[in-house]
Amino acid sequence: MNEFLMDSSYFGLFFGLFAFWISTKISKALKSNLANPLLINTVIVILCLLVLDIDYETFNQGASHLTYFLTPATVALAIPMYKQVELLKKNMTAILVSILCGIAANALCIFGLCLAFGLSPEVYHSLLPKSVTTAIALGVSAEIGGVSSLTVASVVVTGLFGNAIARIVCRIFKITNPVAIGLGCGNAAHAIGTVAALEIGEVEGAMSGLAMVIAGVLTAVLVPLAAGWM
Amino acid sequence: MPYIFQLLVILGASFLGEICNLLLPLPIPASVYGLVLLFTALMTGIIKLENVDKTATFLIATMSIYFIAPSVSLMTVIADYVDSLLGIVVICCVSTALVMVVTGKVSQLIMEKSKPTEGVVSSDGVSGKEAGRDE
């Protein structure tokens, strides 16, 4: 099977997209925050490749064509940011300071816990950019010497967990301001957290999207500094 | 027809971002340079919103599928990191909750006081305490 498909340019592309389409259907049917299509897709594709004894390289030969669009898609995030520029200007200080505090807390927490668990620097570098949107996290991870697949996995786990706890955390810690809720969701759990923020309200969703982009850019600039700690 | 020019703009920003990444000695991914460049172009009016809107919206709406290959690549490394898995999951969950609380609380405090300087002082105290506690 593997040898037969090794020269195919479209197998991985078609199979990856097909599995993703199935995953969105499953995700809709399950109606749970934890049933993220990307997560379901990852499980389905990995299981299928293992069962059919197909190498990742064979799959990636086709699927990698999709990965080329990651950079343009990230660049396109400039558009939602531009659309919300008024909201950004109005709350500039609160947005920048709170996101910076979040990034600092994130780096310190990951550093401390990596030491506590005795994890390797490689794992530390893979985890550092985990709170931002996958496209930026992947770029940062590659720049500071992380393992890209570990980064993707931790980004997805982060997003799913953040999505699941958003309402509870805001209630326990009495975060009631819509702008603050949005910033918290977007800075902690990027796009998947933004979905949770959108469910809470419109302002929350808009702020979360904004926080995701700003946190992504600031993380790309600042996280390499924290990378030197280990 | 509008799609061709819109795609040209976005790919142009991506390409310029790549050049920045190659020329500048900073560990910032090409995509972030591109994002900042395109945002600047929109703010200064060099590029109009309607010149990128449709294609950008399409790219963002379909973003998930561009992650298929990187996420499946987990199968190639997972065996090497089985020992670290528990730690990785714990770190992801703890730090996510922490960042959400710190960011939400700090921004709320600043907006309540609406005096930026005071907000900065108290916010630093919060993030330091929270981060210290969780270590």
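This is a predicted model: local features need pLDDT of at least 70, side-chain atom pairs count only at pLDDT 80 or more; totals for chains, interfaces and linings use all residues.
Let's start with the overall dimensions. The C-alpha trace of chain A spans about 60 × 40 × 30 Å along its principal axes. Its radius of gyration is 19 Å, which agrees with the value near 17 Å that a compact globule of 230 residues would have. Of those 230 residues, 59% count as buried. And if you take the contacts in chain A with a separation of 6 or more, 64% of them join residues 24 or more positions apart.

Now to the partner chain. Here 94 residues of chain A are in contact with 74 residues of chain B. Which helix gives the most to the chain A side? That is α8, residues 92-117, with 18 residues. By type, the chain A side divides into 66 nonpolar, 26 polar and two charged residues.

Please stay with α8(A) for a moment, as we turn to its packing inside the chain. Its axis and that of α12(A), residues 178-200, come within 10 Å and cross at roughly 40 degrees. The two helices are therefore oblique to each other, and their crossing is right-handed. On the α8(A) side, the contact is made by Ile95(A), Ser98(A), Ile99(A) and Gly102(A); α12(A) brings Leu183(A), Asn187(A) and Ala188(A). Those residues divide into four nonpolar, three polar and no charged.

Notes:
Residues are numbered from 1 along each chain as its sequence is written. Chains are lettered from A and ligands numbered from 1 in the order in which they are written. Two residues are in contact if their C-beta atoms, placed from the backbone, lie within 7 Å. Helices (H or I, at least four residues) and strands (E, at least two) are DSSP runs, numbered from the N terminus. Ala, Val, Leu, Ile, Met, Phe, Trp, Tyr, Cys and Pro count as nonpolar, Asp, Glu, Lys and Arg as charged, and the others, Gly among them, as polar. Axes are lines fitted to C-alpha atoms, for helices over the stretch in contact, and angles run from 0 to 180 degrees between N-to-C directions. Angles under 35 degrees count as roughly parallel, over 145 as roughly antiparallel, 65 to 115 as roughly perpendicular and the rest as oblique. A crossing is left-handed if the near helix is turned anticlockwise from the far one by less than a right angle, and right-handed if clockwise. The radius of gyration is taken over C-alpha atoms; the globule rule is 2.2 Å times the number of residues to the power 0.38. A residue is buried if 20 or more other C-beta atoms lie within 10 Å of its own, exposed if 12 or fewer, and partly exposed in between; C-beta atoms are placed from the backbone.
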